[in-house]
Amino acid sequence: MVRKMMSAVLTVILMTTVTACGKTPPQESRLSQEVTQMSAESQNAMGAMSPEEALEYMKETKNLVIIDAAATRWYGENHFEGAINIPIEELDGEAEDALYMEIPADRPVLLHCRLGMIVPGAYDRVLELRPDIPEISYIDGAPQFDEYNEWLENRQ
């Protein structure tokens, strides 16, 4: 019943808006245009990957840029070979943004931290700042450093 009432109210609002404007609705409404624009902007948003999915993605993806968002001390202990350290907990927003702007535009990006707890914020910020990056994702959990680094070493 509530659903029917909401549907009726929305219909009345739409009819009132169309009548008040004195025009027929355009082929594509403003809302539809905004949804289309948001979809286009988020085409690069791949979201979270499990550590296992990320490992396979890393092995299969050419020119991948790996961003380690963990503190410098954790990066020094263990990291993916070739990863760029952007220690977001040690930076102010402006310095963090400046480093995100240095990421190459034409390469996919995979972000991670040590447990997947702080990286979602970095992921959201990169998505906001860098719609020019073709694919952006992050590891939701503990990265598989040794497995990837061993694979990388054996591949070369």
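The points below describe a predicted model of one protein chain, from its overall layout to single residues.

1. Basis of the note. Residues are numbered from 1 along each chain as its sequence is written, and side-chain values use heavy atoms, with hydrogens and water left out. Because the model is predicted, local features need pLDDT of at least 70 and side-chain atom pairs count only at pLDDT 80 or more, whereas totals for chains, interfaces and linings use all residues.

2. Overall layout. Of the contacts with a separation of 6 or more, 71% are between residues 24 or more positions apart, a contact being heavy atoms within 4.5 Å.

3. Surface and burial. Of the 156 residues, 34% are buried (buried means under 20% relative accessible area, exposed over 50%, and partly exposed in between, with a 1.4 Å probe and protein chains only).

4. A linked set of charges. The structure has 5 salt bridges, each a side-chain nitrogen of Lys or Arg within 4 Å of a carboxyl oxygen of Asp or Glu. Asp 97, Arg 125 and Glu 128 are joined in a network of such bridges. Arg 125 meets Asp 97 at 2.5 Å, N to O; because Arg 125 lies in helix α6 and Asp 97 in helix α5 (residues 93-101), this pair ties together parts that are 28 residues apart in sequence. Arg 125 also meets Glu 128 at 2.7 Å, N to O, and these two residues both lie in helix α6, 3 residues apart, about one turn of the helix. Asp 97 is buried at 18% relative accessibility, Arg 125 is partly exposed at 23%, and Glu 128 is exposed at 58%.

5. Lys 59 forms a salt bridge with Glu 56, with the closest N and O atoms 3.8 Å apart. The two residues are 3 apart in helix α3, so about one helical turn separates them. Lys 59 is partly exposed at 28% relative accessibility, and Glu 56 is partly exposed at 39%.

6. A negative patch. Glu 52, Glu 53, Glu 81, Asp 146, Glu 147, Glu 150 and Glu 153 gather in a patch of negative charge on the surface (residues with over 30% relative accessible area and no salt bridge, like charges being joined within 9 Å). The elements giving two or more residues are α3 (51-60) and α7 (145-155), and α7 gives the largest share, 4 residues. Glu 81 is in the loop between α4 (72-77) and β3 (84-85).

7. Gln 144, in the loop between β5 (136-139) and α7, is buried at 17% relative accessible area, and its contacts, not counting residues up to four places away in sequence, are Pro 51, Glu 52, Leu 55 and Phe 80. Asn 63, in the loop between α3 and β2 (65-68), has a phi near 60 degrees, a positive value in a residue other than glycine. Most residues other than glycine have a negative phi.

Notes:
Patch = residues over 30% accessible without salt bridge, like charges linked within 9 Å, V, L, I, M, F, W, Y side chains within 5 Å. Areas by Shrake-Rupley, 256 points an atom, 1.4 Å probe, with all protein chains shown as cover. Lys, Arg positive; Asp, Glu negative; His and termini not counted. Charge placed at Lys NZ, Arg CZ, Asp CG, Glu CD.
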